[in-house]
Amino acid sequence: MSAFSTVLARDLRLALRQSADSLTVVAFFAIATVLFPFGVGPETNVLARIAGGVLWVTALLAALLSLDRIFAVDFEDGTLDQLVLAGAPLPVVVVAKVCAHWLTTGVPLILVSPLLAVTLHLPAAGYGPLVLALLLGTPTVSLVGAVGAALVLGTRRGGVLLSLLVLPLYIPILIFGTAAVEAALTGLPSTPMLSVLAGFMVLALTFSPWATAAALRQAVE
Amino acid sequence: MHRFANPTQFMRIADAVYPWAAGLSLILFLAGLPIALVTSPPDYQQGETVRIMYVHVSSAWLMMMVYGIVAANSAAFLVWRHPMANLVAKASAPMGAVFTALALITGMLWGQPMWGTFWVWDGRLTSTLILFFLYLGYLALGDAFEDSERGDKAAAILALVGSVNLPIIHFSVEWWNTLHQPSIIKMDGMTVDKSLLLPLFLMMGAFTSYYVAVLVLRLRSELLAAKIRNARMSQVAVNQAAQPAE
């Protein structure tokens with residue numbers, strides 16, 4: 001447990017000292033969302049109809065941009081070798097780093113999302129499910145993204161490759177995340193979709209730390 | 001199973017399998033194609049378009065089987081570091097990608113006359129598309145490293161992570177009740193007429209043995225390429241040793 005809290009505290013401290021990184025992700029989220037009213041036209045009912053999907057897609061892309069931060073810097077300066085050699089269970093270290101990533105990118109994205117939903121005229125019934133769905137979905141985004149981020153360490157074209165690896169795996173989260181908002185707007189309960197998202201999170205939390213740890217081990221070999 | 005880790009042993013068996021697989025594939029194609037495309041009766045609802053199914057179902061069956069083989073061999077490669085397992089996975093993946101593309105394309109060609117649209121965002125179609133991207137990701141990741149061994153391991157991990165998609169594809173037609181029809185081949189009785197099943201099984205057998213035969217060819221050329229590489233390396237080493245030191 002001490003390994004967990006040490007790594008978490010270290011990553012959070014680093015993120016706070018370079019808070020521009022988190023802010024950039026949020027800024028990307030905002031600017032990408034704001035493009036849509038220009039792209040599809042400012043009609044209120046069109047925007048209200050697509051608001052949930054637009055916010056989910058842009059949130060996923062924003063998270064994708066931030067994924068390389070989880071391991072890339074540590075990989076380049078050798079910290080990752082030390083973490084692997086340190087003797088603490090590597091999956092625990094991975095979970096700590098993923099937690100830090102979620103707290104510094106997932107949470108800010110969730111906090112801004114209602115504000116951006118206002119600009120897209122999301123009907124009032126959609127806010128609760130949107131925030132809940134993001135709350136349950138973004139940890140999975142970080143967990144699955146960590147596997148991809150660990151796999152592309154040391155590749156020639158990491159960023160583009162990462163999107164090819166990770167985005168297909170994000171599709172289920174996107175489907176159920178958007179469906180939760182959609183259900184609320186049509187007057188149906190959104191709990192089934194939220195339960196599925198929670199299930200994804202449990203599944204990802206069970207398997208992704210091991211896969212990430214395996215990928216990290218072979219990256220530092 | 002560790003016996004097969006030895007490339008010489010493995011290739012001895014593979015070479016023995018090759019003529020049978022190639023011959024079987026040829027016979028089944030020669031027997032199956034005329035039945036599937038000409039002599040089998042048209043379906044009472046679908047008419048002649050049912051013939052697309054013989055290629056479509058066979059491709060879909062192989063895209064699933066090949067991904068299973070890639071994932072299983074990736075696991076064997078990661079756990080026991082069997083080089084042969086890695087070669088089998090690497091040689092199978094491009095074929096799997098092509099079979100997935102074939103299944104998607106034939107499905108779209110069938111969907112246009114039958115459903116009135118090339119594409120719907122139904123569970124089976126979406127998860128198959130994801131499988132296609134997983135194949136592409138596997139191939140791209142394996143190719144992305146300076147050190148090819150790193151690429152092999154990273155791709156193997158990705159193949160294992162992606163295997164969560166296989167049950168989703170399989171059960172998608174039961175979980176989501178949309179356009180794509182449920183499985184027609186079941187343990188407890190079939191939901192298709194016998195006259196359509198015979199060509200279907202012939203084609204599935206033909207596709208499967210074709211895969212096995214091409215896999216052996218690809219493995220053979222991969223091992224030969226490795227031998228040539230080693231021979232070149234030792235040639236360079238010999239040449240350098242022969243030159244007087246300066």
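A residue counts as buried if 20 or more other C-beta atoms lie within 10 Å of its own. I keep that cut-off at hand for the first entry. I also note that this is a predicted model.

**Entry: chain A overall**

I looked up burial first. Of the 221 residues in chain A, 46% are buried. Next I listed the secondary structure. Chain A has nine helices and zero strands. Along the sequence I read the pattern as α-α-α-α-α-α-α-α-α. The C-alpha atoms of chain A fill roughly 55 × 30 × 30 Å.

I turned to contacts within the chain. I kept those with a separation of 6 or more. Residues 24 or more positions apart make up 81% of them.

**Entry: H6 against H9**

How do helix H6 and helix H9 of chain A pack? I found an angle of about 105 degrees between H6 (residues 90-119) and H9 (residues 191-220), with the axes 8 Å apart. Angles of 65 to 115 degrees count as roughly perpendicular, and H6(A) and H9(A) are therefore roughly perpendicular to each other.

I wrote down who meets whom. H6(A) brings A:Leu90, A:Pro91, A:Val94 and A:Val95. On the H9(A) side I noted A:Pro209, A:Trp210, A:Thr212, A:Ala213, A:Leu216 and A:Arg217. By class, this contact holds eight nonpolar residues, one polar and one charged.

**Entry: where chain B touches chain A**

I counted both sides. Chain B has 17 residues in contact with 15 residues of chain A. Which elements of chain B give two or more residues to its side? They are helix H4 (123-142) and helix H5 (148-162) of chain B. H4(B) gives the most, eight residues. I sorted the chain B side by class as well: 13 are nonpolar, two polar and two charged.

**Entry: the nonpolar core**

I looked up the largest nonpolar core. It has 134 residues. Which of them touch the most other members? I found A:Ala133, A:Ala150, A:Leu151, A:Ala215, B:Ile157 and B:Leu158. Helix H2 (residues 50-80) of chain B supplies the largest share of this core, with 17 residues.

Conventions:
Residues numbered from 1 in each chain as written. Chains lettered and ligands numbered in written order. Predicted model: local features only at pLDDT ≥ 70, side-chain atom pairs only at ≥ 80, totals over all residues. Axes fitted to C-alpha atoms, helices over the stretch in contact; angles between N-to-C directions. Helix = DSSP H or I, 4+ residues; strand = E, 2+ residues; numbered from the N terminus. Parallel < 35°, antiparallel > 145°, perpendicular 65-115°, else oblique. Contact = placed C-beta atoms within 7 Å. Nonpolar A, V, L, I, M, F, W, Y, C, P; charged D, E, K, R; others polar. Buried ≥ 20, exposed ≤ 12 C-beta atoms within 10 Å, placed from the backbone. Core = buried A, V, L, I, M, F, W, Y, C linked by C-beta atoms within 7 Å.
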